[in-house]
Amino acid sequence: MPSRRQLLKAGALGSAALLLAGYWASPQVEPDGAGAAGPSLSCLRPQDALILAALAPVLLGLPGLPVAQVVAGVDKAVAGLQPAVRGEVRQLFDLLGNRWARRWLAGIRSPWPSAAPAELERFLQDWRNSRFLLQRSAYQGLHLLLNAAWYGNPASWAAVGYRLPPGVAEMLP
């Protein structure tokens, strides 16, 4: 039977381990994170904007993409989601924002803003084709949000040859 001293030591070590694990599991803001978001965001955090700004040109296949507009579009789309879905999106960004998860689950060694496009492409393809439903679902969520944010933006319409039907342009704000 363990003594009282052994139980106290085990409790103290367990508490220290939990605190350390909590620190490692918490999202880590990258040092060069200021200013990527552009306008103020209602649902996304600045760190989320950095992740989106890195992934958007690669996922959409548009290197000269105006990422601030895409990030603002994703923020608007997330704001319109049901609270439960918004919570899942929050969990995804918290996971991707964690430096340990970024390294070990996404395979991205450097911070999101400085990751190489080939590295980002590999991450996206790995999650797209993953044997795990959760990773495939996360990829689909990112894919849908980024596509909706960009192709719902009037700035993208000319590039794809879309013209508004007559009379609709007058109804837009």
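Reply: Fine. One term to begin with: helices (H or I, at least four residues) and strands (E, at least two) are DSSP runs, numbered from the N terminus. With that, Gln135 lies in helix H7.

Me: Before going on, what kind of model is this?
Reply: The model is predicted: local features need pLDDT of at least 70, side-chain atom pairs count only at pLDDT 80 or more, and totals for chains, interfaces and linings use all residues. Residues are numbered from 1 along each chain as its sequence is written, and side-chain values use heavy atoms, with hydrogens and water left out.

Me: Back to Gln135. Buried or exposed?
Reply: Gln135 is buried, because its relative accessible area is 18%. The cut-offs are under 20% relative accessible area for buried, over 50% for exposed, and partly exposed in between (1.4 Å probe, protein chains only).

Me: What does Gln135 touch?
Reply: Not counting residues up to four places away in sequence, Gln135 touches Leu105, Trp127 and Ser130. Contact here means heavy atoms within 4.5 Å.

Me: And Asn129, where is that?
Reply: Asn129 sits in the loop between H6 and H7. With a relative accessible area of 56%, Asn129 is exposed. Its C-alpha atom is separated by 9.1 Å from that of Tyr139, 10 residues apart along the chain.

Me: Zooming out, how many helices and strands does the protein chain have?
Reply: The protein chain has 8 helices and 0 strands. From the N terminus on, the order is α-α-α-α-α-α-α-α.

Me: What share of the residues is buried?
Reply: Of the 173 residues of the protein chain, 32% count as buried. The accessible surface comes to about 10800 Å², with 64% of it belonging to carbon and sulfur atoms. Those areas come from the Shrake-Rupley method with a 1.4 Å probe; for residues, only the protein chains shown count as cover.

Me: What about contacts between residues 24 or more positions apart?
Reply: Such pairs account for 61% of the contacts in the protein chain with a separation of 6 or more.

Me: Now the core. Which residues have the most contacts inside the largest nonpolar core?
Reply: Leu55, Val74, Trp112 and Phe123, in a core of 35 residues. Helix H2 (46-60), H3, H4, helix H6 (117-128) and H7 each supply at least two residues of this core. The largest share comes from H2, with 9 residues. A nonpolar core is a set of buried Ala, Val, Leu, Ile, Met, Phe, Trp, Tyr and Cys residues joined through side-chain atoms within 4.5 Å. In soluble globular proteins, nonpolar side chains tend to be buried together.

Me: Which residues is Val74 in contact with?
Reply: Leaving aside neighbours within four places in sequence, Val74 is in contact with Leu44, Leu52, Leu145, Leu146 and Ala149.

Me: Why does Val58 count as buried?
Reply: Val58 counts as buried because its relative accessibility is 18%. Val58 is found in helix H2 and touches Pro117, Leu120, Glu121 and Leu124, not counting residues up to four places away in sequence. The C-alpha atoms of Val58 and Leu124 are separated by 8.8 Å, although the two are 66 residues apart along the chain.

Me: And Val67?
Reply: Val67 is in helix H3 and is partly exposed, with a relative accessible area of 23%. Val67 is in contact with Ala53 and Pro57, leaving aside neighbours within four places in sequence.

Me: Which residues lie nearest its centre?
Reply: Glu88, Leu92, Leu134, Ser137 and Ala138, among 17 lining residues of the largest pocket. Helix H4 (83-97) and helix H7 (133-151) each supply at least two residues of that lining.

Me: And the second largest pocket?
Reply: The second largest pocket has a volume of about 210 Å³. Its lining includes Gln69, Lys76 and Asn153. H3 gives the most to that lining, with 5 residues.

Key
1 Å grid on protein atoms, 1.4 Å probe; cavity = no way out; pocket = protein on both sides within 12 Å on 5 of 7 lines; lining within 4 Å. Points joined across faces, edges and corners; volume = space filled by probe spheres on them.
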